[in-house]
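Biologist: I'm new to this one. Could you walk me through how to read it?

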Amino acid sequence: MPKQDYYDILGVKATASDEEIKRVYRNLAKQYHPDVNKGDKKSEAKFKEISEAYNVLRDHEKRKKYDQMKKFGAFGRGQSGGFDFGNFDFGQYRKPNFGGNRTGGSFSFEDLFGLGGMGDIFGDLFDRGERMRKERSGQSQRGDALYAEITIPFELAINGGKQFLNITVEEHCDDCKGTGAEKGTKPKTCPDCLGRGTISISQGFFAVNRTCPRCFGRGSIIEKICSICKGSGTVKKTKKLSISIPEGIQDNAKLRIRGQGASGIKGGKKGDIIITVHVSPHRFFKRTGKDILCEVPVDIIKAIQGTKIRVRTVSNKKVDIKLPTGVRNGKTFRLKGFGVKSKEGTGDQLVSISIIRRSNLSDEEKKLVEEYDNNGKLD
Ligand SMILES: [Zn+2]
Ligand SMILES: [Zn+2]
């Protein structure tokens, strides 16, 4: 059980965004990384703590469950209305038949989370509980959606194309068919909750139904855990996905890839993968709606005398623009149809002229510039 609130460990609010959590974690991780604090036990412990907190808070599902558990009072000391595991007598419950070969007649949450870092086990336990509850309900269920993020180059976002993404997906363990029990064995009905998955606890005048701590809400216990999935019922598989990026995709757009996510329950379909697409900025091009903006530097003397410039478009074509004599700074030329292609039509590329003034001008050139500037005042 964490000594401290995960949000407090990272020093963020409970409403912190993914980006904020990531940024704060990165800074802390840099500060406390064992490589930079060789032999410093305190830093090492702190590093573990922040990693554990991050491991839960970065994951949408785990974070959701952590928040639920917090609400449920699992981590608090005497929060009003909350349920305090710290004062709960687990002694009356025998050792849970879950993962590992601990001895002794009682267990504590510390034991439980000590199995391999709370971040790892936490999600698995409650995922499994939830899954088993759904399985008991008898209906088939679609697998959970997975969330991922990718950052793609600017041009790919404009022109569309393929992008690869490695993603780790939780799938049913074929060995135990998702039960978590060793091949050839079956989970038994939990004797403490008689398969209900919840137990009634009296708290003052109230009796409250809580998740059964012996079976974690599964309603069943496993005597011999599956050696392949370590009892979780699922195995993690890393897949390389080829993602079709539609042309004109916007920054922060979400793509849904159907049927590639987590396994379903009782023959339910696999879940989807939802990918948030971030678009890298480009050093030359900027996008505004359907249009592409760019700025082209032009020498002042050439601008005065009139010149031709060659501009690269976002589709990697080269287009010449004839500049009229005396063209002004900031003057914009429109290349029709060279913008972003989208369902709503195709945009344009807008080329803005940026006049470059230099100091090494001849006397004749200085005169031209003076005239150009005076004309500018009349405009
Ligand atoms: Zn298994
Ligand atoms: Zn039970």
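Modeller: Let's start with a strand pair: strand 8 and strand 9 (residues 273-279) run antiparallel and are joined by five bridges. Strands here are DSSP runs of E, at least two residues, and helices are runs of H or I, at least four, numbered from the N terminus. Two strands pair if DSSP finds at least two bridges between them. Opposite Ile 275 in strand 9 stands Leu 255.

Biologist: What order do the strands of the open sheet have?

Modeller: The order is 1-9-8, three strands with mixed pairing. Strand 1 (146-152) and strand 8 (253-257) each have a single partner strand, so each has one side without a neighbour in the sheet.

Biologist: Before I go on, what should I know about the model?

Modeller: It's a predicted model: local features need pLDDT of at least 70, side-chain atom pairs count only at pLDDT 80 or more, and totals for chains, interfaces and linings use all residues. Residues are numbered from 1 along each chain as its sequence is written, while chains are lettered from A and ligands numbered from 1 in the order in which they are written. The pLDDT is the predictor's confidence in each residue, from 0 to 100. The protein chain has a mean pLDDT of 79.

Biologist: Which value does phi of Asn 316 have?

Modeller: Most residues other than glycine have a negative phi. Asn 316, though not a glycine, has a positive phi of about 65°. Asn 316 lies in the loop between strand 12 (307-312) and strand 13 (318-323).

Biologist: Is Asn 316 buried or exposed?

Modeller: A residue is buried with 20 or more other C-beta atoms within 10 Å of its own, exposed with 12 or fewer, and partly exposed in between; C-beta atoms are placed from the backbone. Asn 316 counts as exposed because it has 8 C-beta neighbours inside 10 Å.
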